[in-house]
Amino acid sequence: MNIRVALRHPFTPILLLFIAFRLMMLVTFLPEDLTHLGDYPYYYALAQLSDEGRWPFIGYWSEHAPLFPFLSTLIYRLSLLTPRGGYAAYVYLFGCAMLAFDVGSLWLLMRLGRRLWGEERSLLLGWSYALLFTPLIYSWWTFEGMTAFFILLALDLLLAERDSWSAVAAGLGVLTKLVPVVLVAAVVRARPLRRWLRYGLIALGVVLAALLPLVLAGGPYATAFFRSTVARSSYETVWALIDGNLGTGMLLPLMAHLDPAQAGRATGHAARLPEWLKSGAFALLYLWLLWRADLRDAPRRLVAFVALSLVLFFLWSKGWSPQWQVFLFPLLLLALPYRRALLWVLTLSAVNLAEWPVLLVHQLDQWLWVTILLRTALFIALGYELWRVVRPSYSESGRLAPQ
């Protein structure tokens, strides 16, 4: 009976086609072709260090937060148990793992869409997200589907008044990538003092429960993660143009990860603008936005503020990675009126695909300033549009309230 109900659920056709499309793509294309322009080969090479008994944060340092490197290593070890093993087995297993996170994100997107906009909009968002090219291609290039999943899971649980579990999801998100910490900031304005303090402590507890044992076991290999995050030179941002760094955020060679001292090595020109000045200005702006935002009993504004926080982070960050769009796009589809959200998603997709792979793969670095300036202008405009949703004069109906 439960199976019959599930098959009749309006979400079911979307989920089935979403899964079938990606699985068919995974088995049709050669693994080397499917992942050629992505980071899977790099992940695979790092995971192979486990053959020497080296695990991330313990036997070598990683520029990624711990959850993903350990998952990648476990998938690699599992691939060795398959009949042929090798890179192909790793890609198939890793691709299936990313598919599981993507399916979870699609499900959560539709759940949140139904909560915020109603059943019809929920289905429209599901079909739209299932057909977007950017989340699809990054399933075979990066691990950002994990970040998107934990952000959406934390939001879904938060809007369901399950704050403790939402904090756990936020903590797991931070252990995947540091940016989901913006969820904790959003809760500051969405919950009373006692509740958001509890939320922050739970999220912090999850993070420390994972990091402290790694620091004790790995010592300099574990702490090198934090140094590498700070030391990396600017890339693909206006700050990179100011610093004279034209190129991608190319990661260090494999063997450099065996030497913790290499984690603090910059790969480009030093910053010309003092970091304290830039960070101080953005911090003041963010505090003002946080103070002015009206998020209590306003679910759509809460989602919009998380999206706004991410956009502000993108503008502040000295580096930019196109795969970060994967965790921004679902929030835009939820926070903004549908047609405007879709326009933003498609425009940003086009600009960032023009940058990578079109310009950089064809070694047209001299034109990188065009896409960087265009993307920055788009983010500024997008930030303003999200702010219009977050500010108190915006009604939950989606229109500006009369002044």
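Mentor: One cut-off first: a residue counts as buried under 20% relative accessible area, as exposed over 50%, and as partly exposed in between. Keep in mind that this is a predicted model. Start at Lys-318. Its relative accessibility is 25%, so Lys-318 counts as partly exposed. Lys-318 sits in the loop between helix 16 (299–316) and helix 17 (325–335).

Look at what Lys-318 touches. Leaving out residues up to four places away in sequence, its contacts include Thr-229, Val-230 and Ala-231. Arg-232, Ser-234, Tyr-235 and Thr-237 are also among them. Trp-239 and Lys-278 complete the list. For scale, take Arg-388, 70 residues away along the chain. The C-alpha atoms of Lys-318 and Arg-388 are separated by 26 Å.

One loop deserves a stop here. It runs between helix 13 (220–231) and helix 14 (238–243), and it holds Glu-236. The phi of Glu-236 is positive, near 55°, although the residue is not a glycine. Is Glu-236 buried or exposed? Its relative accessibility is 4%, so Glu-236 counts as buried. Glu-161 also has a positive phi without being a glycine, at about 65°. Glu-161 lies in the loop between helix 9 and helix 10 (163–176).

Now the rings. The whole structure has 31 aromatic pairs. One of them joins Phe-225 and Phe-226. Their centres are 5.0 Å apart, with 65° between the planes, and the pair is edge-to-face. Phe-225 is buried at 4% relative accessibility. Phe-226 is partly exposed at 39%. Phe-314 and Trp-320 make another pair: the centres are 5.1 Å apart and the planes stand at 80°, so this pair is edge-to-face. Phe-314 has 4% relative accessibility and counts as buried. Trp-320 is buried too, at 1%.

Stay with helix 16 for a moment. Leu-312 belongs to it. Leu-312 has 10% relative accessibility, so it counts as buried. Setting aside neighbours within four places in sequence, Leu-312 contacts Phe-282, Leu-285, Tyr-286 and Leu-289. Pro-83 is 229 residues from Leu-312 along the chain, and their C-alpha atoms are separated by 47 Å.

Next, helix 6. Two packed helices are described by the angle between their axes and the distance between the axes. Take helix 2 (residues 12–28) as the partner. Its axis comes within 10 Å of that of helix 6, and the two cross at roughly 160°. Why are they called antiparallel? Angles over 145 degrees count as roughly antiparallel, so helix 2 and helix 6 are roughly antiparallel to each other. Their crossing is right-handed. Helix 2 brings Ile-14, Leu-15, Phe-18, Ile-19, Arg-22, Leu-23 and Leu-26 to the contact.

The crossing is left-handed. On helix 6, the contact includes Met-98, Phe-101, Asp-102, Leu-108 and Arg-111. On helix 9, it includes Met-146, Phe-149, Phe-150, Leu-153 and Asp-156. The classes are 13 nonpolar, three polar and four charged residues.

Seven of its eight residues are buried, so helix 4 is largely enclosed by the rest of the structure. Which residues of helix 4 are buried? They are Tyr-40, Tyr-42, Tyr-43, Tyr-44, Ala-45, Leu-46 and Ala-47. These buried residues pack against helix 5 (67–79), helix 6 and helix 8 (133–139). Ring pairs also link Tyr-40, Tyr-43 and Tyr-44 into a cluster with Phe-68, Tyr-76, Tyr-87, Tyr-90, Phe-94 and Phe-143.

The peptide bond from Trp-356 to Pro-357 is cis, with omega near 20°. Pro-357 is found in helix 18 (residues 338–361).

Definitions and conventions. Residues are numbered from 1 along each chain as its sequence is written. This is a predicted model: local features need pLDDT of at least 70, side-chain atom pairs count only at pLDDT 80 or more; totals for chains, interfaces and linings use all residues. Side-chain values use heavy atoms; hydrogens and water are left out. A crossing is left-handed if the near helix is turned anticlockwise from the far one by less than a right angle, and right-handed if clockwise. Helices (H or I, at least four residues) and strands (E, at least two) are DSSP runs, numbered from the N terminus. Contact means heavy atoms within 4.5 Å. Ala, Val, Leu, Ile, Met, Phe, Trp, Tyr, Cys and Pro count as nonpolar, Asp, Glu, Lys and Arg as charged, and the others, Gly among them, as polar. Buried means under 20% relative accessible area, exposed over 50%, partly exposed in between (1.4 Å probe, protein chains only). Axes are lines fitted to C-alpha atoms, for helices over the stretch in contact, and angles run from 0 to 180 degrees between N-to-C directions. Angles under 35 degrees count as roughly parallel, over 145 as roughly antiparallel, 65 to 115 as roughly perpendicular and the rest as oblique. Rings of Phe, Tyr and Trp (its six-membered ring) pair if their centres lie within 6.5 Å; planes under 30 degrees apart count as stacked, over 60 as edge-to-face and the rest as tilted.
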